[in-house]
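Hi,

Here is the structure I promised to pass on.

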Amino acid sequence: MQEELFAPGHRGCAGCGAAIAARLILKGSGKDVIIVSPTGCLEVVSSPYPESAWKVPWIHSLFENAAAVASGVEVALKSLGRKDEAKVIAIGGDGATIDIGIGALSGMLERGHDVTYICYDNEAYMNTGIQRSSSTPYGASTTTSPAGKVSFGENRPKKNLPAIAAAHGIPYVATASIAYPKDVIKKVKKAISIEGPKYLQIHAPCCTGWGFDGSKTIEIGRLAVETGLFPIYESTEGKVTSVKKVKRKPVEEYLKAQRRFKHLFESEGGEGELKKIQDIADANAKQFGLDL
Amino acid sequence: MKLSIGAMAEPGSTRTNKTGSWRTFKPIINVEACIGCGTCSMFCPEGTICKVADKYAIDYDYCKGCGICAHECPVKAIEMVLEGE
């Protein structure tokens, strides 16, 4: 049996999607890796002073510079002539990746470092108290985009970072979900085997932040994919090469299971908002040819 | 634990923190019904479900009782039981 490289005893909530993502990433990568983690939920729960859940070399950077630190680690290995000994992987949340670290990430992709950058996407700043990020989807209520009398929650669409990464013309960009673990493992294996910069975004539901029972983390992740709200695909040099097709379900099935979208079903005018979210899913289906 | 400059920690040392005490509901695997597919082990956020022979067993020292294993088991061979019952 494969050794568990992400040890138990970490402080993730019962049902933590990010912890599942970390386990799956390490199952795909094996032990010959150096992991860089920026600040975020995964960093906080996996490295409570003076402990560490990681059984591979791991370094914590600042919130904004995981991609820069990973670039430095890769260049250091190269100049020491030890590049064959380990692959460099950065694992950051959506806040660190899509908001705060996007400059450093773009630089890393543009300079062509041989690093796999993985974003576990739980769609808000979870460990600081569920503040919205640019990856928070349209209509979600967070503590900084609260739904109420004058608001239906987050009023901007989810930023499409895989498309931004692909626009750098890098050799591999992929999305995945923890609900499809073999797909995650396969994509991590593939990414680290390719020379050059790679970007992988893994959808990782958060029971605490999204408001659902911890036993349903995988079910919610599956619904995000089945409704077309989180399309799963791979792209090479900016061209989409594979898509996970689904028998699409209405977005309500995904939304009604979560507290962050509860207001859409209870407030006057919510129906119009649900229609807008269904339009987002329909547009994804059209763009990627998701429908079976 | 003694830490050196740069705050290095022992690999996997969160094991000193037994999160089994967090649990409210305890997953019990019915080994008769278990088909050994490994779905529970794959999805466990703690990595506490291990293959023993051709079946699976749970390390209750760390299981937080989230219930993903019971929810995802394709043959419903895992039951969540209130702790202490």
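A definition to start with: I call a residue buried under 20% relative accessible area, exposed over 50%, and partly exposed in between (1.4 Å probe, protein chains only). This is a predicted model, so local features need pLDDT of at least 70 and side-chain atom pairs count only at pLDDT 80 or more, while totals for chains, interfaces and linings use all residues. Residues are numbered from 1 along each chain as its sequence is written, chains are lettered from A and ligands numbered from 1 in the order in which they are written, and side-chain values use heavy atoms, with hydrogens and water left out.

Salt bridges

I count a salt bridge when a side-chain nitrogen of Lys or Arg lies within 4 Å of a carboxyl oxygen of Asp or Glu. On that basis the whole structure has 24 salt bridges over all chains. One of them pairs D114(A) with K198(A), with the closest N and O atoms 2.8 Å apart. It links distant parts of the chain: D114(A) sits in the loop between α5 (102–111) and β4 (115–121) of chain A, and K198(A) in strand β8 (residues 198–203), 84 residues apart. Both D114(A) and K198(A) are buried. (Helices here are DSSP runs of H or I with at least four residues, strands are runs of E with at least two, and both are numbered from the N terminus.)

K158(A) and D121(A) form another, at 2.5 Å from N to O. These two are 37 residues apart, with K158(A) in the loop between β6 (151–152) and α6 (161–166) of chain A and D121(A) in strand β4 of chain A. K158(A) counts as partly exposed because its relative accessibility is 24%, whereas D121(A) is buried at 0%.

In chain B, D61(B) pairs with K18(B), the closest N and O atoms being 3.6 Å apart. D61(B) is in the loop between β3 (55–58) and α2 of chain B and K18(B) in the segment before β1 (25–29), 43 residues apart. Both are partly exposed: D61(B) has a relative accessible area of 37%, and K18(B) is at 46%. Back in chain A, salt bridges that share partners join D121(A), E123(A), K158(A) and R260(A) into one network.

E43(A) belongs to helix α2 (residues 41–46) of chain A. Beyond its neighbours within four places in sequence, E43(A) is in contact (heavy atoms within 4.5 Å) with P38(A), W58(A) and H60(A).

Where the chains meet

The contact takes 30 residues from chain B and 39 residues from chain A. Together the chains bury about 2600 Å², 62% of it on carbon and sulfur atoms; buried area is the accessible area (1.4 Å probe) that two parts lose on being put together, summed over both. On the chain B side, T14(B), M42(B) and F43(B) lose the most area to chain A, together 24% of what that side buries. There is 1 salt bridge between the two chains: R222(A) with E72(B), at 2.4 Å between the closest N and O atoms.

- Y49(A) and P50(A) are joined by a cis peptide bond, with omega about 0°. P50(A) lies in the loop between α2 and β2 (58–60) of chain A.
- E237(A) is not a glycine, but its phi is positive, about 50°. It is in the loop between β9 (233–236) and β10 (239–243) of chain A, and it is exposed at 52% relative accessible area.
- K76(B) also has a positive phi, near 50°. K76(B) is in the loop between α2 and β4 (78–82) of chain B and counts as exposed at 56%.
- Helix α9 (residues 217–226) of chain A is mostly covered, with 8 of its 10 residues buried. After α9(A) comes G228(A), with a positive phi near 90°.

Cheers
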